[in-house]
Amino acid sequence: MAYSAEDLETMYPDTTTRMNILRLSGIVNLMARSIVVPRYRIPSHLHDPLVFTEAGEKMVRELSSSRSINWGEQRVAVFLELHHDVLFIDPNQTDISRLREGLSKEIKNGNIMHPFIWGRELYEKAYNEIPTSNLHALDSKKTIDFLRGTSRGVFQASDTIVGPWGALPSVEFRNILPDLNPYLYHCERPGCSRPHETRLTTSDNSIVNMRDRLGKKVFQHGTPSNWSKLLGPLEAQLNGRYDDGRSNDLIGLLTECFSDVELQTIAHWALGDRSLDLRGKCAAVGIQIRDARDFLNGRTKAEIVQILLLMSDRQIVRAVDSSVRSGKISVPSGEVRKPLLNGRTTGYFDTSFQCSSRGTRVHSANSWTPMRRLRRLIRDVYQGSTLESHLEWKIRQIEAENQVEKLDKYLAANEVHGIIRDLFLSGPDAFRRAADFVGLVEDGSRSDAELISDITWKLGFPLDLDDRGAADLRANVDLLREAASEFIQYGEEQQRVLRSLSPNLFVSLEETLDRALVFVCWLTTVDHWMEKPRFTFFRDEARRNAARVLSSYSARKGDPVTFNEDGVNTLFPLISGFGLLASYLESEAAKPEIYQRAPSEVPQVFTESDLMTFGYQSRLPFLNCPVEPRDRLIQALRTVSRELSTGGISAVRNGLEHHKGVFPSQAEILDCIGAIARICSLLEEFGILPMVFKMKGFTRDSEGRSIYIYEDYSGRGVKIPAPSSVVVTGGPSWNQNQIIVPGLVTGGSNWVPRFIPGVRSDFTEMWQDWPRSRMLSGNLIQSSENSDGGGESALEIAGSSDPQ
């Protein structure tokens, strides 16, 4: 007979019993979702710790009719069922610790296996060893052969962690279950950016057959009782389903966002931080550590991650943040790391882990979550504390019926950075409480602006812009203009002051021109569609491309100019480079046929449907723009060269920086400064200088038309309407910081070039040459599409929904 949730609550009223049921359920999941070796026989240590209920004993006896199945296999089969209308296992009498130890032995002996799905280990092995005909699924023999010699999989169900150290207890419940359908390949279809699954198969064994028989028997018992309603609330609480500060993306963060060396650094920090007590937790499970460095030397990711999971989520995050903020792990400014293969959003708030130079955070896919977190943080810091009167004083002049309404109006009317400055940086007590609530590793040396950015990052707001465009050049222009304008005639003292300001101005000019020339050459000549990763601007690679293109073209013209690919270029090649690029683009535009993209590189949807237009029909990106914006770009490039050539830049620089010769007059200096200022504005406003923009706002009407509003460091705005008839894939999502080229907005389309600012780090090195596509047969492609919904829907992944 099936029992209702109310009946089950009466039968199992105490929390301890329910928690033990969840612990047993976790072990069931870890055993059921595993690969076992051929002809596997159940050892006694996997069933001796089990104590069955009366119903469970009866079920074991009913299975005993088969002579080919031994008693241990019958008991384990019933255990794996755990319950139906009633419990088959006594949760309080069963020795869960001994059962976990029994599972641990089988994992360490290699009899029970879980695939290490994280990172590139199995992905690369599949690329090199699995024929395309087998990619959709591996039979049991091929599965065993494939997993042989690979790392043991790390997963956690309830409070049991499995991995190379066997099965270990954790202080925190988690729901990161084994996956026997790992992502092992990408198909070669253009526009498909999703990895595809390969189904792994366990060996035929009597347990599988027994469970099939058992399933038929329990079916005869009728409808199962409502166990989910009994256990669901406690399970949700323990696993953090409704906790916006937790995510089951944790193993993905540790394995796919940090290199082997970086992960060792995190573990080393954790072992050295006594407040985390990782040494004690390791000792409790039989892992003795004397010298942390010696212990970690040569350890695999799987081994390190499993011992880190002995800690709570908050402790793991603290170890990661301390490693990053101390500089032991270098995360470049602007980089946001997240798992690339096994990233997942979990829980009610669709949370996942991310890491930047400001530490880790739990990001919610719901775009309202950051503001809700800010409101909660204000409540937690001020409510019920001695600081509460301070908050009341700050919002006293807002007209509302009560304090709650006043706070709502305050949050709606003020900018987030200003709110944080006013409420959390107003004194040490408020800041310490706020830092503790958001999990900020305190650093007394950081400025107010940095602390505000730290808090906004932790709350889930977009990463603050570190890019300042040509701001440094503008500042140096203003300083020299002010000094030059003070006197009409320059004596020795005035000359000394002007000379002291000259180096900074011309160094920043060279740096700005270099950045602009490198970017615009990459923008117009590199096939972003075929690059890996797509639409991502890496300055060093782009500089090598610019040196190759411009040096080759200038030599072809018979007027060779050498461009240094290491970035050591003087003003002459930089100034002439813009004009050279304009001429090169004009010459290539006259022969568009040689750049026509092969049909095999175009996503099939664009050949089968006329609803959208593929934005990259040419392998030369310049030719993908309509004529009008192309002409504007050519004109802008020539203007840069002309203004800087006729503005007396070189002559003024020589006169200021060399003590021999004629010192420039005020008019010459101001003309030079004026030319630089005009070029500075042109480079930024057109987007020839790579300008990073941050999303400022978003609107959408009832017909689905949207406008995305972005701002750069200076507050300069760009509005991008959507949808567009022109579609590309692989670019930045709407809500992430991105490079935008406003000058190439086209009249016939609302498509605007948008790119991801690329940085190089251990993370990017770990994921270089990613993804690696496989040429598949038609049948396999169809199978893959059925299994995961296909890949070409990813074509509009950056624009198909509201920003999150």
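Okay, a bit of housekeeping. What we have is a predicted model, where local features need pLDDT of at least 70, side-chain atom pairs count only at pLDDT 80 or more, and totals for chains, interfaces and linings use all residues. Residues are numbered from 1 along each chain as its sequence is written, and side-chain values use heavy atoms, with hydrogens and water left out.

Let's start with a helix pair. Helices and strands here are DSSP runs numbered from the N terminus (helices are H or I, at least four residues; strands are E, at least two). Helix 2, residues 15-32, packs on helix 9, residues 227-239, at about 80°, and the axes sit 10 Å apart. Those axes are lines fitted to C-alpha atoms, for helices over the stretch in contact, with angles running from 0 to 180 degrees between N-to-C directions. So the two helices are roughly perpendicular, a label that covers 65 to 115 degrees, with under 35 roughly parallel, over 145 roughly antiparallel and the rest oblique. Who makes the contact, meaning heavy atoms within 4.5 Å? From helix 2 we get Thr15, Arg18, Met19, Ile21 and Leu22, and from helix 9 Leu230, Leu231, Leu234, Glu235 and Leu238.

Next, helix 21, residues 448-459. Its 12 residues should span 16 Å at 1.5 Å a residue, and the end C-alpha atoms are 17 Å apart, which agrees; the expected span is 1.5 Å times one less than the number of residues. Now, 9 of those 12 residues are buried, so helix 21 is largely enclosed by the rest of the structure. Buried means under 20% relative accessible area, against over 50% for exposed and partly exposed in between (1.4 Å probe, protein chains only). Among the buried ones are Ile452, Asp454, Trp457 and Lys458. They pack against several elements, including helix 15, strand 7, strand 8 and helix 16.

Helix 29, residues 666-686, reads in a similar way. With 21 residues it should span 30 Å, and its end C-alpha atoms are 30 Å apart, which agrees. Its buried residues include Gln666, Cys672, Glu684 and Phe686, and the cover over the buried residues includes helix 22, helix 23 and helix 25.

On to the cores. A nonpolar core is a set of buried Ala, Val, Leu, Ile, Met, Phe, Trp, Tyr and Cys residues joined through side-chain atoms within 4.5 Å. The largest has 99 residues, and Phe79, Leu103 and Leu308 touch the most other members. A second, separate core of 91 residues includes Val526, Trp529, Tyr584 and Phe606.

Most residues other than glycine have a negative phi, and most peptide bonds are trans. Lysine 532 and proline 533 are joined by a cis peptide bond, with omega about -5°, and that proline 533 lies in the loop between helix 23 and strand 9. In that loop between helix 23 and strand 9 you also find phenylalanine 535, not a glycine, yet with a positive phi of about 55°; phenylalanine 535 is buried at 2% relative accessible area. And where is serine 158? It lies in strand 3, residues 155-163, and has a positive phi of about 55° although it is not a glycine.

Definitions and conventions:
Contact = heavy atoms within 4.5 Å.
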